[in-house]
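Dear colleague,

Please read them alongside the coordinates.

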Amino acid sequence: MKYEELDDIDRRLLNILQQNSNLTVKELASRINLSVSPTFERQKRLEREGFIKGYHAILDEKKTGNGITVLCNMRLKHHSQLLMDDFMDAVQGIDEITECYNTSGEFDFILKIQTRDMDSYQEFMRKKLGNIESVGYFHSIFVMKEVKNTHGVPVIIQEKSEDSE
């Protein structure tokens, strides 16, 4: 199923679940004006079709001891499929790297890294990122303040125009 095939009820359901995935099916049904059974079936279909990848708790970085967020621009030593695959495999096993994007432009990857403090970041760079054979160059940007982080994906609900009625 494609995104374009979703109706407004599916889209509202996705938006509501992004805001609060702890709602019961009864609460969801009430919010989208359907009965419980069709709401449950829609949610399960959206999960099966891959629109909903999973349900996660969003933790507070500072309260879990991660006081520093770093965005790290990284370039490979040279471009080859083997080096790229090796790097992407290595990243999967490093807990401090919470996000990794293969990018175009000057850098090959952008990493989001969470650590306790500057000392732990330096240790991370020396012992983990610095030991990945394919890494050629990296540039660290320290986040001073998070301004927006919704953890969500825009889901547009089609507004009915007066012409379509």
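How much space lies in the largest pocket? The answer is about 1500 Å³, where a pocket is an open set of points on a 1 Å grid over the protein atoms alone, at which a 1.4 Å probe fits, with protein on both sides within 12 Å along at least five of seven lines, and the volume is the space filled by probe spheres set on the points. This is a predicted model, in which local features need pLDDT of at least 70 and side-chain atom pairs count only at pLDDT 80 or more, while totals for linings use all residues. Residues are numbered from 1 along each chain, and side-chain values use heavy atoms, without hydrogens and water.

The largest pocket is lined by 40 residues (those with an atom within 4 Å of a point), and His56, Ala57, Ile58, His151 and Gly152 lie nearest its centre. By class, its lining holds 14 nonpolar, 16 polar and ten charged residues, with Asp, Glu, Lys and Arg counted as charged, Ala, Val, Leu, Ile, Met, Phe, Trp, Tyr, Cys and Pro as nonpolar, and the others, Gly among them, as polar.

The second largest pocket has a volume of about 270 Å³ and is lined by 15 residues, of which Glu61, Lys62, Thr69, Val143 and Glu146 lie nearest its centre. Its lining has four nonpolar, four polar and seven charged residues.

With best regards
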